[in-house]
Amino acid sequence: MKSGRGALTALHLLLVWAAMAAVLPALGFGLVLRAWGGGAVATVPLFALGVPLVVGLLATAGIPMRTVVPLCSSVPRRLGWAALVFVLGTLGVLAGLAAYAGGVDLGSAHTRIALAGVPYAVAAAFFVPSRWVRLGALAVLAAAVTYGGFVGPAQARQRQHQAEVARYREHPELLYLGAAPPGMQVSRAEAGPASFNVDYRPVREGYESGYVGLTMRSAFTPPPRCPEPAEKDATCTVDTHGEMLTVHAFPDGTRAVTLIRRHGNVEAEVTSQTLDETGLRRVLNTLHPLSDTELEALMREKKIDRRI
């Protein structure tokens, strides 16, 4: 391509990009305002007026190329060329909007405005009778499809995942986990602003019975003390370390054992009707901060919820 024709092509594509980057956001904003105020029907007059104006503007941008692009050689052909560029470019804009709605990062507001004109410039480039210009347009199109269809969504999912992890870790002082009792596993966890609850159930749930509940909560209250007067059918003791053991006996012969212990600045409570004091104490003795790996596993298996 000669240098003069190359400069003319660059000017042409620049004019197409600049015109659409300036006009399209204004037209889109106007359509949104009309739809907001009077519904979809209210946008028809603006759309009917705006589209011909945009096509006319594109036709004007094609005037410098009337000796280079065959479709720009005459006014009727140039209007047809402008309509094709408008349709193809608008399809690209709609694809970009769909990607943006799906969480793909398209930069700041200024960047998004600048990007609005790119699909039209790419569409116009395909009509330029130059192999290198068309290859360049194809490369831009391929890059847009790759980013909008694969790279961008993957980054959006990663950002969403990181935000979810950050929400779970808003109160890291509460996020403690004890080793699951033999034959049991974590079946559910719930993170809240003042507590973190973990349920342990048998691995073969449905075939075996059993339950252990662990609660980590902010230690705003005084150290645990046995209630006075003593509860009926219940025994309560507090050892020299401040650990409180409560055993409730039920008429059917079962017992509910509860252990409460201070763990740093939080209070840990573990209770069960199927596990004895030794088993519950083992859960408390193995308390450790919830690791990233453990949190990832709970999230992946959908075993953790967040309470607001």
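These are my notebook entries on a predicted model, taken feature by feature.

**Entry 1: the largest pocket**

I began with the open space. The largest pocket holds about 1200 Å³. I asked which residues lie nearest its centre. They are Gly92, Val93, Gly96, Leu97 and Pro119, out of 40 lining residues.

Next I looked up which helices line the pocket. H1 (3–38), H2 (43–61), H3 (75–101), H4 (109–116), H5 (118–125) and H6 (131–168) each supply at least two residues. Which of them gives the most to the lining? H3 does, with 12 residues.

I then sorted the lining by residue class. It divides into 32 nonpolar, seven polar and one charged.

I moved on to S8, residues 266–272. Is S8 enclosed or open to solvent? Six of its seven residues are buried, that is, under 20% relative accessible area. I therefore note S8 as largely enclosed by the rest of the structure.

I checked its pairings. S4 (212–218) pairs with S8 in the antiparallel sense, over seven bridges. In that pairing, I find Arg217 opposite Glu267 of S8. S7 (residues 255–263) also runs antiparallel to S8, and seven bridges join the two. Here Arg261 stands opposite Ala268 of S8.

**Entry 2: the nonpolar cores**

The largest nonpolar core has 33 residues. Which residues have the most contacts inside it? I list Phe196, Val198, Leu214, Met216, Val270 and Ile304. Strand S2 (residues 184–191) gives the most to this core, with four residues.

**Entry 3: the loop between S4 and S5**

I turned to the loop between S4 and S5 (234–238), where Pro227 lies. Pro227 has 38% relative accessibility, so I mark it as partly exposed.

Is Asp233 buried or partly exposed? With a relative accessible area of 48%, Asp233 is partly exposed.

**Entry 4: Lys302**

I looked up one further residue with a positive phi. Lys302 has a phi near 55° and is a residue other than glycine. Where does Lys302 lie? I place it in the loop between helix H8 (292–300) and strand S10 (304–306). Is Lys302 buried or exposed? At 75% relative accessibility, I count Lys302 as exposed.

Conventions:
Residues numbered from 1 in each chain as written. Predicted model: local features only at pLDDT ≥ 70, side-chain atom pairs only at ≥ 80, totals over all residues. Heavy atoms only, no water. 1 Å grid on protein atoms, 1.4 Å probe; cavity = no way out; pocket = protein on both sides within 12 Å on 5 of 7 lines; lining within 4 Å. Points joined across faces, edges and corners; volume = space filled by probe spheres on them. Nonpolar A, V, L, I, M, F, W, Y, C, P; charged D, E, K, R; others polar. Buried < 20%, exposed > 50% of the residue type's maximum accessible area, 1.4 Å probe, protein only. Pairing = 2+ DSSP bridges. Core = buried A, V, L, I, M, F, W, Y, C linked by side-chain atoms within 4.5 Å.
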